[in-house]
Amino acid sequence: MKRLIERSRSVGEVLRWVTQNPGKVSASHYPIALHKLGQLLQQQPGPPMGAGDSRGPAGQVLEQPEFHVLCQAIVSGCAKFDNFSIVNCLYAAAALGLPGESPLVRVLEDESRSRLGRFNQKDVSMVFSSEANNKALEAIFSSQLFYENRQERFIRSMAEWLPRKAENLTPYTMALIAKYVARHRLREPRLLDTIANFLLKRGEQLDSKVIQKLVFPFSRMNYRPSNHSELFPKLEAILEQKAGSSPLATVNILMSMFQLSHFPQTVLHQVFSPGFITNVMSSPYALIVRRYLSLLDAAVELEFREYSGPRLDPRYRVLMFEHALTADEANRKYSYKGLVAEALRQLVGEECYRQDEVLPPGYCTDFLLWINRSGTVLPLSRVPAASRAPPAPSPVTMSLRSSVLALTSDLQDFAPVVLSVNDKWHYCQNSDILVGSRAMRDRHLRLLGYCLVQLPYTELEKVSGIEEA
């Protein structure tokens, strides 16, 4: 039957083979028949087939009794089809141009959604490329299987058609897409620009919690959207009105903007105001907000020197991070840091460096070393204890930048060096661009007076053995 369908030379011939021999037709034959119909229709003259288009040869096929028999056979039997047949029928129906409201497409979509948890990656990808409506996208991006696996090819494909459909998507669906893109560090400019345009058009209608989800991919991928000159002022105006309604979301949005080197002054006035601080300090998420506000305050000190508004009260300052990031801990077995540590131990000795040192305002560094003017790495015993790391923020310390510059000016013969192991997850996917948080960390460490030595994984993976390391 498969060969008979594939060798058919006309639409009528395909329909006859399938509808007149029901006993010889299995589930796997239906997607083959739909695919063949699509191929034959492409070869016929007349207007191309579109959803609901009843003109020309394509539209006439939809009206043929045999085609309705074929569709009814799929509808009545699809619950018993295997996953492969379900997915391929849906894919073929989409390629054929069947309207989304047709019984066949509705039943196939419902059956696909009910099986998403049991689909393999290829099945999910094919469903994803077949369904393009809001309900379908929501179901797919809500699928844990899809969420946990990177689908780069289909994200690139989606970037081509999503701009045309974005207006019909709900904020919830767009937020799911943004979450997926951020999780897998997929720096796809067309897709990110589509999210940015959605934000620009719909921003006033969205609450701060949704906005933070839509903004996060930009900072995560260290990407300024093409409409940033319009979008960022728009976001500032929205935050001015909604800053107090969701303080944690407000601080998260600010952090995303800071990572992209954009500093909204009027919003900072609100966020560092006594009223805002009092409000957040009495909330359940007081500690995390204090951490973010401390980092924002440090960023203002280092990168926004012209700011003259209120600042974070010193008694509320804490380290942003007190230890390695969760991602770094989770991926420790895939990191090159162990290799570098052993090589460094053999090269300069354990007494000449510190590992996993946390530096104010709370950046965990891989290795911290001190060198003299001739480039020699110094044993820590030869560096005054008070000079081995800058002081932690407290009510009585000087500013971060001033304290480090004071150290290096008092000790002209010493210079602090941060050796940074940049593993694969520190970069956007298939890119040499560091994620936004890592890029901001590097900017701040340099502004604090540290010399940065970058060790990218692309270089480390070429190393063979400890001697080369």
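These legends walk you through several close-up views of a predicted model.

**View 1. Strand S5 sits between two partner strands.** In this close-up, strand S5 covers residues 415-422 and strand S6 covers residues 451-456. S5 and S6 run parallel to each other and are joined over six bridges. S5 also pairs with S4, this time in the antiparallel sense and over five bridges. Seven of the eight residues of S5 are buried, so the strand is largely enclosed by the rest of the structure.

**View 2. Facing residues along the strands.** On the S6 side, Val-418 stands opposite Leu-452, and Ser-420 stands opposite Gln-454.

**View 3. A β-α-β unit built from S5, H23 and S6.** Follow the chain here and you will find that S5, H23 and S6 make up a right-handed β-α-β unit. The two strands of this unit, S5 and S6, are the parallel pair with six bridges. Helix H23 spans residues 436-447, and Arg-438 lies in this helix. That arginine leads on to the next view.

**View 4. A buried salt bridge between Arg-438 and Asp-366.** The side chains of Arg-438 and Asp-366 meet in a salt bridge, with 3.6 Å from N to O. Arg-438 belongs to helix H23, while Asp-366 is in the loop between strand S3 (363-364) and strand S4 (367-371), so the pair ties together parts that are 72 residues apart in sequence. Are these two side chains buried or exposed? Arg-438 is buried, at a relative accessible area of 7%, and Asp-366 likewise counts as buried, at 7% relative accessibility.

View 5. Glu-160 and Arg-190 form a salt bridge in which the closest N and O atoms are 3.9 Å apart. Glu-160 is in helix H11 (residues 152-165) and Arg-190 is in helix H13 (residues 189-202), which makes this a link between distant parts of the chain, 30 residues apart. Glu-160 is exposed, its relative accessible area being 52%. Arg-190, at 38% relative accessibility, counts as partly exposed.

View 6. Lys-462 pairs with Glu-459 in a salt bridge, and their closest N and O atoms are 3.5 Å apart. Lys-462 counts as exposed, with 58% relative accessibility, whereas Glu-459 is partly exposed at 45%. Elsewhere, salt bridges that share partners join Asp-297, Glu-301, Arg-305, Arg-311 and Arg-317 into one network. How many salt bridges does a search of the whole structure find? The search turns up 18 salt bridges. As a reminder for these views, side chains of opposite charge can pair when their charged atoms come close.

View 7. A disulfide is a covalent bond between the sulfur atoms of two cysteines. Searching the whole structure gives zero disulfides. Cys-78, for example, is in no disulfide, and the nearest cysteine sulfur, belonging to Cys-89, is 8.3 Å away. The cut-off for a disulfide is 2.5 Å between the sulfur atoms. Cys-78 is buried, at 2% relative accessibility. Cys-451, in contrast, is partly exposed, with a relative accessible area of 37%.

Definitions and conventions: Residues are numbered from 1 along each chain as its sequence is written. This is a predicted model: local features need pLDDT of at least 70, side-chain atom pairs count only at pLDDT 80 or more; totals for chains, interfaces and linings use all residues. Side-chain values use heavy atoms; hydrogens and water are left out. A salt bridge is a side-chain nitrogen of Lys or Arg within 4 Å of a carboxyl oxygen of Asp or Glu. Helices (H or I, at least four residues) and strands (E, at least two) are DSSP runs, numbered from the N terminus. Buried means under 20% relative accessible area, exposed over 50%, partly exposed in between (1.4 Å probe, protein chains only). Two strands pair if DSSP finds at least two bridges between them. A crossover is right-handed if, with the strands pointing away from the viewer, the path from the first strand over the helix to the second runs clockwise.
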